[in-house]
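Have a look at the two chains below.

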Amino acid sequence: MQSPKPAFFYHKNARVLGGLLMVCAALFLLHLAIGAKALSIGEIWLAISVFNSNNFDHMVVWNVRLPRALIAITVGASLAVAGAIMQGVTKNPLASPSILGLLSGAAFAIVVALGWFGIDSPLYTPWIAALGASGAAIMVALIAHAAPGGLTAHNLTLAGAAVSAFLAAIITLFQLSNEDDFDDLREWLSGSLAGNNLDVLSSIAPWICLSLLAALLLANKITLLAMGDETAKSLGVKTTRLKLQLMLCVIMLTACSVALVGPVGFIGLVIPHVSRFFVGADYRWVIPISALLGACFLLLVDTLARVVISPAEVSTGIASAIIGAPIFVYLIKVKLD
Amino acid sequence: MNLAIADGKTSIIIGANGCGKSTLLKTIARVLLPASGDVILDGENIASIKTKHVAQKLGLLPQGPITPEGLTVKELVSQGRYPHQSFLRQWTSADEAAVYEAMQIADVAQFSELPIDDLSGGQRQRCWIAMVLAQQTNFILLDEPTTFLDLKVQVDLMRLLAELVQKNNRTLVMVLHDLNLAAAFADQLIMLKDGKIMHNGPVENVFNAANIKSVFNLDVDIIIDPRSKRPVCLPHLRSASVCALEPAL
């Protein structure tokens, strides 16, 4: 009794998905083309298809712009999907890697690893970040659990804010007491897409791809979880196992993002809301749309961050909040109307 | 506690707040696991049946279910098909048909593309019932499905559920707050107090003033509704002394 498949292509959300794919491709090319020296689409295409190591422009495309654009896409998608999963599972519209302390935890672990042990190999940083993010998540859960009412959305948010503030304060303390060593870290801590090459990305990308794939495969069950644990259980979902799987997904996505670009907030908080604004609450749509919107958003922000006050650059983390905050406020207003 | 649920009938659980009605219902649904004892579903211990197989036989509508913001009626009802799907067996025309049938029965098909948030309380509750119906289970468990609804909506909803039992031969187990609604629609009435079954049987046998006094500590008179021939309880609203002060009453 297999129904004809094309129903998917006629779904109104499929058009949103297709449109976003095109926007994402366009922003990707724009991101590659714009910079200290503007390159035409033709030149970019030549650099990618017939690479010539003697051509300076080709070197710029391969070593600087392509890694940066690809990182913008992967990190944007990762953080947005991580936020979407967290908001679905906790039924808390404020849940996100930044608010629930995961970003600070990951950043804290990397700062400690680098500042005290001198570890900065991209082979290890994602795992160190994952350790930090898990530690922070567990701490937030324990604090919320101990508070009156237990693991409510409210308590988790408050505990997340407290843990974030605490870890951020310690990072600042490290920074102030050891200014020379932290000079390199300062930019990373504000969220920077610069300075990574394709090798770094390729060592981390498989984990991101795996986690994103897992998120897509689990997406239909997130909708069930968002309908409450009892409903999900009565529909045949093993809720505890599912929550662990999703938690692992979120931690890997957050950790890899932080390892690549440092803590970039806002994407994880805002993008899932924008996605639901377009496609509703069915997570089979929310997850892929969040991934694409996150990628588009970070590509756009990073392009603007390089252009607006060029030749200087605004750090992407700062730019994403500067651009993201007004969008968030606007959305709230639209929703209230 | 020992409780048998009659097949193809409506069983309604009543009892004071906090007496364990919902706990009993959730335990029957395998959402909670009993510390001791077993729930037997069609001759099999429910704890040893796979989670998804339980969900193919038994549907639960929890009390005050959470509707994710922005979910449309059809999307919500479609979630009821989850237990019938797997990685290899995705959405089929049978799923589509079940969803439409459920929406027809619950009378929400006309809203199918609307977000649930836009509907009234009674319409929302019907959407949730459609979700459970789409699950196509023989057993349907409902935890206070009429709470917070207007009286008319409550009655409509109960009629809809009664029809399900009669026409579609489903087995209904329900927790209800309203004693008269329970007495009007139950085949089997289960009266719970402090986690124990005090009285269990057909309405006409167990729905009497003495039993209600023992379970709810409430003085009532029982009269028979001339239209439905069902018993109705009237609580003693005022103490005799207060009535005596107001002879007009």
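The crossing of α12(A) and α13(A) is right-handed. This is a predicted model, where local features need pLDDT of at least 70, side-chain atom pairs count only at pLDDT 80 or more, and totals for chains, interfaces and linings use all residues. Residues are numbered from 1 along each chain as its sequence is written, while chains are lettered from A and ligands numbered from 1 in the order in which they are written.

Q: Why are α12(A) and α13(A) called oblique to each other?
A: Helix α12 (residues 267-279) of chain A and helix α13 (residues 283-307) of chain A pack at about 125 degrees, with their axes 8 Å apart. Angles run from 0 to 180 degrees between N-to-C directions, and the axes are lines fitted to C-alpha atoms over the stretch in contact. Under 35 degrees counts as roughly parallel, over 145 as roughly antiparallel, 65 to 115 as roughly perpendicular and the rest as oblique. The two helices are therefore oblique to each other.

Q: Which classes of residue make up the contact of α12(A) with α13(A)?
A: Residues are in contact if their C-beta atoms, placed from the backbone, lie within 7 Å. Among those of α12(A) are A:Ile271 and A:Phe278, and α13(A) brings residues including A:Trp285 and A:Phe297. The contact divides into twelve nonpolar, three polar and one charged. Here Ala, Val, Leu, Ile, Met, Phe, Trp, Tyr, Cys and Pro count as nonpolar, Asp, Glu, Lys and Arg as charged, and the others, Gly among them, as polar.

Q: What is the angle between α6 and α7 of chain A, and what is it called?
A: Helix α6 (residues 125-146) of chain A and helix α7 (residues 153-177) of chain A pack at about 130 degrees, with axes 8 Å apart. That makes α6(A) oblique to α7(A). α6(A) passes α7(A) in a right-handed crossing. The residues of this contact are ten nonpolar, two polar and no charged.

Q: How do you know that the radius of gyration of chain A agrees with a compact globule?
A: The globule rule is 2.2 Å times the number of residues to the power 0.38, and the radius is taken over C-alpha atoms. For 337 residues a compact globule would have a radius near 20 Å, and chain A has 20 Å, which agrees. Of these residues, 48% count as buried, meaning that 20 or more other C-beta atoms lie within 10 Å of their own.

Q: What do the helix and strand counts say about the two chains?
A: Helices (H or I, at least four residues) and strands (E, at least two) are DSSP runs, numbered from the N terminus. Chain A has 14 helices and zero strands, while chain B comes to ten helices and ten strands. The radius of gyration of chain B is 20 Å, close to the 18 Å that the rule gives for 249 residues, so chain B is as compact as a globular protein of that length.

Q: What does each chain supply to the contact between them?
A: Chain A gives 20 residues and chain B gives 26 residues. α10(A) gives the most to the side of chain A that touches chain B, with four residues. By class, that side has six nonpolar, eight polar and six charged residues.

Note on methods: A crossing is left-handed if the near helix is turned anticlockwise from the far one by less than a right angle, and right-handed if clockwise. Two residues are in contact if their C-beta atoms, placed from the backbone, lie within 7 Å. A residue is buried if 20 or more other C-beta atoms lie within 10 Å of its own, exposed if 12 or fewer, and partly exposed in between; C-beta atoms are placed from the backbone.
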